[in-house]
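Keep the structure open as you read.

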Amino acid sequence: MTRVVVAIDSLKGSISAAAAARALADGWAAADPSARIDLRPMADGGEGTLDAFAAAVPDARRMPVTVTGPHGEPVAASWLWLPSPDGGGGVGVVELASTSGIELLGDERRGLEADTTGFGQAIAAALDAGVSRVVLGIGSSASTDGGVGMLRALGGRFVDHRGVDIASGARGLADLAAVDLASLRPLPSGGAVVLTDVSNPLLGARGAAAVFGPQKGVDPAGVVAAESALAGLSRIVPRGDAFASTAGAGAAGGTGFGLLAWGAELTPGAREVATLIGLADAVASADLVITGEGSFDGQSAAGKVPAFVADLAARAGVPTALVAGRIAADADTAAFAASVSLTDLAGSPEASLADPARWLRAAGTALAGAVRAERADSHGGGVGA
């Protein structure tokens, strides 16, 4: 009997992690009905983080909240209340993706104008509810505002040389002359932990503007302007230079930087979610682990779910297979015993996106067939033995 753990992230904007895991499992079972398949849907701080916590923690409650989205319009969102281990006021989990995320814009991209106000409003709602700790997932952002919108929603002020509040987004940051954080809401008693999916600093060739700006529709001239604006922010915010160089400060268009300025602690999101769902124990008893995400590319090694899961499995001596919506030409797949692109299976990105569950089932069936063939060729050895 083959023991398989499916620890896949969501395929952003296409299918949730839980649904993706189920489709892979159904495909595998069609080729290998006797397999024992353990579903452990993952997240790394981006889209699907609330779902991962909600599925793993008994008595979790979704708390509806209406916030200002990245386009400036109201968005119906929610944050997640979790019971405190010590019986305190509870833990509030807030996800940037569902409050200020890029998927909320549809096909529109507003990398210089979008901001993180809605994320800050959702954090404020959790604080108002009396939580004693907050856990903040900051992947999948729409903006490059350095977390200024969030900090304003928490009581900070960012003004130009006339003392007037600056406009939203990275474009408004160009006019920043002074920052007042005196009225910023204090951290809850148990602090704030930030789940990041990248380790990039705020500035430079690996920074928020240079690396993530183009994904948000920012052209080369806009990247230069955003870099200059973020550099100005780092000079004005107290201890900003130190925060700017911290790993993860560039996450979510610099929201990591803003959260450091608030006093929060940054930590790799995939590791925290894996701990919560008991992934290490599940992997240790597996014959194969399947992981993946929507687009596996050159950035996936910097804190994303597939790289984390592959490393965890390697330390347990268990092979890992990769399933992704697309696998970019610059992607390093050396850590995986096998890799499957849904785009390749479907014949085009459009076909893959139109019915991801179908092609995930096909990927599961293909992987199961490959393992069975390998076992037969080795007379009982190989991946699934």
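## Helix α11 and its buried face

A helix here is a DSSP run of type H or I with at least four residues, and helices are numbered from the N terminus. The model is predicted. Helix α11 covers residues 269-277.

Which residues of α11 are buried? They are Gly-269, Ala-270, Val-273, Ala-274 and Ile-277. Viewed down the axis of α11, these buried residues fall within an arc of 125°, so they line one face of the helix. An α-helix has 3.6 residues a turn, so residues three or four places apart point the same way.

What covers the buried residues of α11? The cover includes two strands, β9 (192-196) and β10 (265-268). It also includes the helices α2 (49-56), α12 (279-284) and α13 (305-315).

## How α2 packs on α11

Two packed helices are described by the angle between their axes and the distance between the axes. For α2 and α11, the axes come within 9 Å and cross at roughly 20°. Angles under 35 degrees count as roughly parallel. The helices α2 and α11 are therefore roughly parallel to each other. Their crossing is left-handed.

Which residues meet? From α2 come Ala-52, Phe-53 and Ala-56. From α11 come Val-273, Leu-276 and Ile-277. By class, this contact has 6 nonpolar residues, no polar ones and no charged ones. Two of the α11 residues named here, Val-273 and Ile-277, also belong to its buried set.

Ser-140 has a positive phi, near 65°, and is not a glycine. Find Ser-140 in the loop between β6 (133-137) and α5 (148-153). Is Ser-140 buried or exposed? The cut-off for buried is under 20% relative accessible area. At 13% relative accessibility, Ser-140 counts as buried.

Ala-252 is another residue other than glycine with a positive phi, near 55°. Ala-252 sits in helix α10, residues 251-262. Its relative accessibility is 9%, so Ala-252 counts as buried.

Gly-250 lies in the loop between α9 (240-244) and α10. At 0% relative accessibility, Gly-250 counts as buried.

What does Gly-250 touch, leaving aside its neighbours within four places in sequence? Its contacts are Asn-200, Pro-201, Leu-202, Ala-208 and Phe-212. Now look for Gly-146. Gly-250 and Gly-146 are 104 residues apart in sequence, but 7.8 Å apart in space, C-alpha to C-alpha.

Key:
Residues are numbered from 1 along each chain as its sequence is written. This is a predicted model: local features need pLDDT of at least 70, side-chain atom pairs count only at pLDDT 80 or more; totals for chains, interfaces and linings use all residues. Side-chain values use heavy atoms; hydrogens and water are left out. Buried means under 20% relative accessible area, exposed over 50%, partly exposed in between (1.4 Å probe, protein chains only). The arc is that of the directions from the helix axis to the C-beta atoms. Contact means heavy atoms within 4.5 Å. Axes are lines fitted to C-alpha atoms, for helices over the stretch in contact, and angles run from 0 to 180 degrees between N-to-C directions. Angles under 35 degrees count as roughly parallel, over 145 as roughly antiparallel, 65 to 115 as roughly perpendicular and the rest as oblique. A crossing is left-handed if the near helix is turned anticlockwise from the far one by less than a right angle, and right-handed if clockwise. Ala, Val, Leu, Ile, Met, Phe, Trp, Tyr, Cys and Pro count as nonpolar, Asp, Glu, Lys and Arg as charged, and the others, Gly among them, as polar.
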